[in-house]
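Q: Could we read this structure together, taking one feature at a time and starting from the general idea in each case?

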Amino acid sequence: MKGRGDKSFFRSIRLVLIECFVFAAVVVLFNGPVRARPVVSRAPVARMHPLVGAEFHHPIQKGFVDRRCLRRLRRLKVRFRKTRSVRGVATPVEILGGRLGSIRYRSFFGHDHMLMDCRLAVALQRASPIFRVNGVKEVLYSNFYSWRNVDGTNRLSLHALGLAVDIHGFVARNGRRVMVESDYEKGLGRGRTCEGHAETWKARLLRDLACDLDASNLFGRILTPDYDHGHRNHFHISTFHPRDRAKKRIYRTVLVDVKGVLWPWVLRRPVRARYRLSRIRRIVRRRQLMIHRWYRWHRRVARDKRWRHRRG
Ligand SMILES: [Zn+2]
């Protein structure tokens with residue numbers, strides 16, 4: 001009798017242990033594994049809700065000049081001029097000739113003045129193969145540096161630090177203009193892939209480009225018309241703050257407006273943001289393959305149509 005009692009006792013302990021394990025598994029599944037919290041500097045940092053413009057707006061240390069970045073820019077053979085100090089910008093440079101890598105930058109409103117922080121110039125230079133492979137020849141921007149706040153708040157925008165660019169459209173390889181306002185299809189990428197299924201080639205180009213830039217880890221955030229009404233006509237692309245040394249992107253870039261159950265999952269998903277040439281190469285190769293497949297598929301559809309037409 002005694003042995004039987006022991007057995008049921010052990011069985012109940014086992015049941016409790018299994019329950020604990022299942023509970024822990026469920027917790028880990030929905031919240032992600034427990035991670036050490038990132039060390040946040042003591043400087044007064046204003047952060048808003050992560051997906052509503054979490055831009056760090058602590059001022060840059062006085063006298064901070066990123067010489068390493070300037071050397072890097074020189075090594076990348078970018079034509080630039082170091083300018084006098086500009087309010088808010090740590091390492092102001094002016095790009096000459098409107099060219100970063102193989103991409104030509106042209107002002108949408110007709111006043112070309114590419115004043116920005118050195119880091120943004122380096123990031124855009126490194127991203128030029130991504131623009132290229134997506135069939136972009138020219139970028140139509142509206143502004144790089146401007147001293148202003150984020151719309152509707154009293155926080156400084158990353159434009160005021162020279163770390164962001166607003167892109168209104170592109171000139172494709174075939175010479176046609178692709179504008180964000182008229183050609184972007186909202187709500188793509190809610191499925192399995194970031195790209196989704198765009199209906200026109202222009203929308204496909206815009207979406208593919210945004211996804212590739214996001215995957216490159218060169219940029220802290222890419223805001224598309226999916227984000228809010230203020231971004232209905234441009235992509236807002238920004239790099240990292242100079243004091244953000246870890247270069248770690250804690251929150252995934254907002255490409256779609258995620259609502260409901262997925263919201264907390266997206267917030268917690270950590271993304272390491274570190275530049276690697278191999279990563280850019282991988283993105284370019286993948287895109288080449290995808291575009292090739294897309295064209296082949298369209299050719300087949302067109303051929304089938306012709307064939308059906310001839311028979312019918
Ligand atoms: Zn912007």
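Q: In which sense do strand S9 and S10 pair, and over how many bridges?

A: Some conventions come first: this is a predicted model, in which local features need pLDDT of at least 70 and side-chain atom pairs count only at pLDDT 80 or more, while totals for chains, interfaces and linings use all residues. Residues are numbered from 1 along each chain as its sequence is written. Helices (H or I, at least four residues) and strands (E, at least two) are DSSP runs, numbered from the N terminus, and two strands pair if DSSP finds at least two bridges between them. Here S9 (residues 221-223) pairs with S10 in the antiparallel sense over 3 bridges, and the bridge partner of Leu223 in S10 is His236.

Q: Which residue stands opposite Ile237 of S10?

A: Val165 stands opposite Ile237, and strand S7 (residues 164-172) runs antiparallel to S10, joined to it by 4 bridges.

Q: Which way do the residues of S10 point, and are they buried or exposed?

A: A residue is buried if 20 or more other C-beta atoms lie within 10 Å of its own, exposed if 12 or fewer, and partly exposed in between, with C-beta atoms placed from the backbone. In S10 (residues 235-238), Phe235 and Ile237 point one way and His236 and Ser238 the other, and all are buried.

Q: Why is helix H5 described as largely enclosed?

A: Of the 15 residues of H5, 12 are buried, so the helix is largely enclosed by the rest of the structure; among them are Leu205, Leu206 and Cys211. Just after H5, Asn217 takes a positive phi of about 65°.
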